Amino acid sequence: MAVFYDEQQRIFVLNTPDTSYVIAIVDDGYLGHVYYGKKVDTSGIRYLMREDEPPYVPGVNRREKNSFLDMFPMEYPETGMGDYRETAFCVRSSAGHRASELKYEGYEIVPGKPALEGLPATWGKEEDCTTLKLFCRDSLLNLQVCLMYTVFEKLDVITRSVLVENQGQESVYLEKVLSACLDLHDRDYEMISLAGSWARERHIQRTPLQYGRQNAASFRGTSSHQEHPFMALVTPETTQETGEVYAMNFVYSGNFLAQAEKNQFDSVRMTMGIHPEGFTWKLEPGEQFTAPEVVMVYSDAGLGRMTRTFHDLYRNNLIRSPYLYKERPILINNWEATYFDFDEQKLIDIAREASVLGIEMLVMDDGWFGKRSYDDSSLGDWQVNEEKLKGGLSYLVEEVKKTGMKFGIWFEPEMISPASELFQKHPDWAIQIPGREITQSRAQYVLDLSRQEVVDAVYEMIAAVLHSADISYVKWDMNRHLTTLGSSGLPGDRLGELMHRFTLGVYQLQERLVREFPDLLLENCSSGGSRFDPGMLYYSPQIWCSDDTDAIERLAIQEGTALIYPLSCIGAHVSVCPNHTVGRNTPFETRGHVALAGTFGYELDITKLSDEEKELVKEQTALYHKYQGLIAKGDYYRLSSWTQEGKPDSWMVVSKNKEKALLFYVQVLARANVKSSFLRLQGLLPDRRYEIDGKVYSGDVLMHAGIRIPAMQGDFRSLLMEVKAVE
Ligand code: DGJ
């Protein structure tokens, strides 16, 4: 059984195919965390609670209750009564006291997975998963807290969320409602997180876990370029193929805290949820608050297995788009080709040239609306600039379609330019603090999407454009973070809700969009990859990964992104050299190979390519059609890493039935006086024979000795090899 209550031990057992998670009801009604890890026979497991050891449970030793609260492995720890580690829950009463004591009241086990109102979340049919609800109550405030755990039948995944209901007579203020806490016994761990910057997103960072708190966080209103709502604790020997991994990923696109804390007794607490800084949620009697979902994955077979579990979960149980496995059109985006300097003829010329080379969709990026000829105006004025695009949008779309291409368009719906008609009309729609200068970023302000009338108005403008022409794709951009946090729609004691309400407004907008335009291919973007998170994947099957399109820089960015997210989500394009961000020259072929490990497309002025490059475009678009299914559905194996190990970068995608695989290899820097090398493959069947470049090898030799990689002259050279099972 996936979830059951063991009455004798008073424990709840949650089993996935290969993991167990155990929670105990403890003396005085506390919930203690017993175990998470490799699947085990849980009979007799309660001894792990150490209830017979000083300071003992409060029922035995009330005079040392504080010591108990500060060391016991808690399932959902709270502020105010004596746990000085990072807690998961903090409530302030109307009298101003910050404390609660949640005591276990009862449980429910239900098939399937309840949706989280207004929030993105993984989903599953009744036969795919089971949900455990643990009801707790603070009797003084009459606050009910429901801890929800969903256990997947076929994946080593447990998801968590928390539902708080005020059943009392007075308002309370929720100051912290983290979605998950995991108390681990004393072991040495290393922490893996993803850190970066604009154009340098999600670089893998691994450090030994020290005493104290180490975290990744965002206060920016997006999941951010800088840090990522992901954390893994791994045992020090962990590699791609071996070692234990505890990972958490947050299905949310706003402020977050992902933290690990090693305490005085060497045990470790891992927490994740909405960042408490600046967050307060007023809960009136009868109201509920839902914390977004955390996905937990445990692997005892290294990081590779963790990665493949996340990929399968997100493909099977998060992304709803009909394009998930459909062959997505190869697109060409005009941003790096023209920036703001284009007209209808330039776009039609690009479309004509692109269509004969196998490209299937033209995406018109920023600059088509209002009076926008640079980044300093018109956001919010979502009407076509007919001076720039003569004949209007429908003329352009029809001309593009005559070339055989589909048409896509860019929006930045969450923003408002000070220089816009919308701001002239509704200056109060920008997020702002009365009397203070609104901080500009890229010369723009953020719309107050915590207000329903603003959400409605923006939605109507976007929907009108989409109804006005045959538009197959939308790139949804978001180019600044939130500041000067004030809203005329919220009273003072609710201003701490603004960031979360803004995120809920974004979710509502995207939900309405995908419902009204179910065939639309939506790509999220935020100054490149500032909002590449599972929350966004619930609405769009792909996200623009980074504004850095340099193939070598992309190795680190895409390696970090693919640590959690499937390749089919990773927006990746071939662009020109010298690269616009770093000025590097790389072979056209290498740029194609790196982009193939993502959604694949182009971002350049195709009319300016040489004949030789155009021939390569034809070859690359054919490669995309040949391998797109394998790349979208296959299992990802990381073989070696340029940024982590200083080795050539290589990875594989292996079909689920292990009959086919694709090997990507980028040498990065050439070295003098080297021989050919052997690269050990992964994920094949040891007893099958595989053909590579006309030669046949056995699977176990390929995995234990490796395939021979020729010594190559020249920096940034790459190889793409097909691996095919033969009889
Ligand atoms: C940031 C995006 O990441 C780019 O691809 C481009 O769309 C620009 N914004 C347009 O302003």
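Predicted model: local features only at pLDDT ≥ 70, side-chain atom pairs only at ≥ 80, totals over all residues.

Reply: Residues are numbered from 1 along each chain as its sequence is written, and side-chain values use heavy atoms, with hydrogens and water left out.

Me: What makes strand 8 mostly covered?

Reply: Strand 8, residues 143-152, has 10 of its 10 residues buried, where buried means under 20% relative accessible area with a 1.4 Å probe and protein chains only. Strands here are DSSP runs of E with at least two residues, helices are runs of H or I with at least four, and both are numbered from the N terminus. Leu143, Val145, Leu147, Tyr149 and Val151 point one way from strand 8, whereas Gln144, Cys146, Met148, Thr150 and Phe152 point the other way, and all are buried. In a regular strand the side chains alternate between the two faces of the sheet.

Me: How do you know that strand 8 pairs with strand 9?

Reply: Two strands pair if DSSP finds at least two bridges between them, and strand 8 and strand 9 (residues 157-166) have nine, in the antiparallel sense. Cys146 stands opposite Leu163 in strand 9, and the two strands form a hairpin with four residues between them. Strand 7 (residues 129-138) also runs antiparallel to strand 8, joined to it by 10 bridges, with Leu134 having Leu147 as its bridge partner. In the hairpin of strand 7 and strand 8, Asn142 takes a positive phi near 55°.

Me: What makes the set of residues around Trp368 and Ile409 a nonpolar core?

Reply: The term covers buried Ala, Val, Leu, Ile, Met, Phe, Trp, Tyr and Cys residues joined through side-chain atoms within 4.5 Å. The largest such set has 198 residues, and Trp368 and Ile409 have the most contacts inside it. Helix 7 (residues 452-468) gives the most to this core, with 10 residues. A second, separate core of 21 residues includes Tyr637, Met652, Leu679 and Ala725.

Me: Why is one space called a cavity and another a pocket?

Reply: On a 1 Å grid over the protein atoms alone, a cavity is a set of points where a 1.4 Å probe fits but cannot get out, whereas a pocket is an open set with protein on both sides within 12 Å along at least five of seven lines; lining residues have an atom within 4 Å of a point. The search finds nine cavities of 30 Å³ or more. The largest cavity has a volume of about 180 Å³, and of its 20 lining residues the closest to its centre are Tyr30, Met74, Tyr76, Glu78 and Leu102. Strand 6 (103-111) and strand 8 are the elements that give two or more residues to this lining.

The largest pocket holds about 580 Å³ of space. Its lining has 25 residues, of which Gln240, Leu639, Ser640, Ser641 and Glu645 are the closest to its centre.

Me: What makes up the lining of the second largest cavity?

Reply: The second largest cavity has a volume of about 100 Å³, and its lining has five nonpolar, four polar and one charged residues. Helix 12 (residues 611-633) gives the largest share, four residues.

Terms used:
Points joined across faces, edges and corners; volume = space filled by probe spheres on them. Buried < 20%, exposed > 50% of the residue type's maximum accessible area, 1.4 Å probe, protein only. Nonpolar A, V, L, I, M, F, W, Y, C, P; charged D, E, K, R; others polar.
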